[in-house]
Amino acid sequence: MFDQKGQIRIIESFLAIAVIFSAVLVSVTFPSSPDFSKQKSLSTMGTQALIKLDTNGTLGDLIIQRNWANMKTALDTLLPLGVSFNLTVFDEAGNAVNSEAIQNSNLLGREVVSVQYVCATRSQVVDFFAIRLQLAWTG
Amino acid sequence: MPSSSVDTFLACSVMIVLVLSAMAGTSKLMSPYLNDLAGRDDIERFQYLASNLLLTTGTPSNWGQSKSAVLSNLGFAKADAILPYELDIDKVTRLNSENIYSMMYSNLWQAFGVKDVSFQIEIKTLFELSIELVSNSTQGSQSVYEFEIIAEKSGMPISTSLSSYAVVKDFVNKTESSTSSDGEGTVTVGIPNSVNGTTLLLVFAKSTANPQVISFNAYAFGHNSPSPLPNGTFAKLSPLNHVLNASFAYATAEVSKAQVFTSSYNFSLTEKAQGVQTVEYLVPSLLDASPMVMVLTGVNGSTSFAEWVAYPQIPLQIGADFSDSIAGSRISVHSQIVTVNSALYEVVTKWGGLSSSV
């Protein structure tokens with residue numbers, strides 16, 4: 001029943017399908033464009049938390065008092081649950097000021113967003129600090 | 001029919017079937033990716049809409065204070081705000097459906113002017129405060145009540161300093177205490193047995209890490225009297241533009257005292273005007289970074305009452321109901337920290353496609 005021409009066409013059809021499937025597979029394995037919306041919302045939340053903490057001078061006061069425990073508690077309250085953070089305070093020379101880690105959990109292995117903020121104390125002698133807040137979604 | 005034609009026909013059929021299934025497979029594999037790309041724009045768009053809502057004053061800019069103003073553009077920011085995300089106390093208050101001057105969601109949606117989205121707004125304190133009566137005993141001429149206070153944010157304990165007021169008729173007793181690092185604290189109040197009636201324990205809790213982060217709650221109980229009826233049974237209290245409107249449910253209701261409480265201060269309210277079963281009181285503008293709680297104590301026949309309302313009138317929720325949304329429909333949730341009268345609150349906005357509740 002099957003002659004050579006027909007067999008060739010069947011082989012052709014399988015070849016065509018193989019080409020189509022390989023094209024699909026290649027397109028699926030293409031790296032998807034990165035989703036920046038989550039990072040943007042994290043960065044907005046982090047900036048907002050620092051701005052709100054700084055509105056009445058609390059941020060500067062906590063740095064001057066070296067009250068890192070209260071700094072962590074303040075950020076815990078201002079940031080939503082499910083957000084991990086790590087905060088580092090730098091002086092004008094760029095040296096880290098906080099003697100202990102200000103963080104609620106480890107950020108290792110997570111996609112981290114970093115927020116930079118400059119804080120000036122509200123004392124007679126004004127000190128400037130650079131704050132780096134690293135944030136990531138947990139889970 | 002020659003055999004080659006049959007073979008060709010078979011081969012073509014196989015080819016068509018396989019090509020069609022390959023196309024279907026491709027579209028199925030690609031659709032989540034394409035949907036994600038489209039949805040990503042939605043998320044960003046909703047983020048901008050949420051920020052716009054909280055950063056603009058709306059039109060007219062004093063629509064919060066003015067009861068007769070026709071809202072043409074929605075925004076909740078304070079007119080002369082110094083800080084970003086500083087909201088107007090009256091615009092916030094008018095979102096509460098328990099206020100007689102509250103806005104309908106349909107009006108807000110129309111004024112917002114984005115026809116293809118619906119939204120829900122929730123405003124609340126940054127942490128929760130619970131009050132529970134643990135014990136009461138008689139010591140000499142007074143009764144001593146002990147309350148357990150728990151301050152937590154979704155289960156995470158908050159260390160706070162507490163200011164508590166026990167209010168019964170004309171009597172006020174203020175006490176100071178705190179919640180420890182486990183979020184638990186105790187408030188003990190003594191109330192003389194010479195007074196009796198519905199008593200209100202108001203508790204303000206300020207985070208020790210940041211005094212702008214504040215929460216409050218009220219607990220009503222009977223002092224030498226039966227258990228009180230729910231808040232709002234005798235009078236509906238509606239603050240707006242620093243005037244408290246009290247609408248009484250009974251003509252026989254008599255107010256003995258109207259007071260305002262914040263974390264640090266308490267004052268008696270001055271009567272502004274009186275109408276048919278309504279009274280208006282002037283509310284002072286206080287600089288304390290704290291919500292104001294206004295309390296009206298009085299009697300209706302032989303039953304005493306202590307009605308209260310917060311200003312800004314929170315917690316509140318208004319807008320589209322997304323709870324019955326179809327599974328898989330895209331709802332975007334945005335949380336923002338805002339300032340109202342120097343205290344910090346959380347605004348959660350939910351965004352989605354047009355809901356039937358508009």
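Colleague: In this predicted model, which pattern does chain A follow when read along the sequence?

Modeller: Chain A holds 4 helices and 4 strands. Read along the sequence, these elements give the pattern α-α-α-α-β-β-β-β.

Colleague: What percentage of the residues in chain A is buried?

Modeller: A residue counts as buried if 20 or more other C-beta atoms lie within 10 Å of its own. Among the 139 residues of chain A, the buried ones make up 23%.

Colleague: How far apart are the C-alpha centres of domain 1 and domain 2 of chain A?

Modeller: The domain assignment of chain A gives domain 1 as residues 1-30 and domain 2 as residues 37-137. The distance between the C-alpha centres of these two domains of chain A is 58 Å.

Colleague: Which element gives the largest share of the side of chain B that touches chain A?

Modeller: The contact takes 33 residues from chain A and 39 residues from chain B. On the side of chain B, the elements that give two or more residues are α1 (3-55) and β19 (332-340). The largest share, 19 residues, comes from α1(B).

Colleague: How many residues on the side of chain B that touches chain A are nonpolar?

Modeller: The contact takes 39 residues from chain B. They divide into 4 charged, 15 polar and, as the nonpolar group, 20.

Colleague: Strand β19(B) also belongs to an open sheet. Which strands are the edge strands of that sheet?

Modeller: The sheet has 4 strands with antiparallel pairing, in the order β18-β1-β20-β19 of chain B. An edge strand here pairs on one side only, and in chain B that holds for β18 (316-319) and β19.

Colleague: Which residue of β20(B) stands opposite T339(B)?

Modeller: β19(B) pairs with β20(B), residues 343-353, in the antiparallel sense over 9 bridges. Opposite T339(B), the residue in β20(B) is L344(B).

Colleague: N341(B) lies in the loop between β19 and β20 of chain B. Is N341(B) buried or exposed?

Modeller: N341(B) is not a glycine, yet its phi is positive, about 50°. Because N341(B) has 22 C-beta neighbours inside 10 Å, it counts as buried.

Colleague: What is the omega of the cis peptide bond from T59(B) to P60(B)?

Modeller: P60(B) lies in the loop between α1 and α2 (89-93) of chain B. The bond from T59(B) to P60(B) is cis, and its omega is near -5°.

Colleague: How many residues does the largest nonpolar core have?

Modeller: In soluble globular proteins, nonpolar side chains tend to be buried together. Here, the residues with the most contacts inside the core are L202(B), V203(B), V293(B), M294(B), V295(B) and Y345(B). Residues that M294(B) touches include L237(B), V260(B) and W308(B). The number of residues in the largest nonpolar core is 106.

Conventions: Residues are numbered from 1 along each chain as its sequence is written. Chains are lettered from A and ligands numbered from 1 in the order in which they are written. This is a predicted model: local features need pLDDT of at least 70, side-chain atom pairs count only at pLDDT 80 or more; totals for chains, interfaces and linings use all residues. Two residues are in contact if their C-beta atoms, placed from the backbone, lie within 7 Å. Ala, Val, Leu, Ile, Met, Phe, Trp, Tyr, Cys and Pro count as nonpolar, Asp, Glu, Lys and Arg as charged, and the others, Gly among them, as polar. Two strands pair if DSSP finds at least two bridges between them. A residue is buried if 20 or more other C-beta atoms lie within 10 Å of its own, exposed if 12 or fewer, and partly exposed in between; C-beta atoms are placed from the backbone. Domain bounds come from an automatic or database domain assignment. A nonpolar core is a set of buried Ala, Val, Leu, Ile, Met, Phe, Trp, Tyr and Cys residues joined through C-beta atoms within 7 Å. Lists of a residue's contacts leave out its neighbours within four places in sequence.
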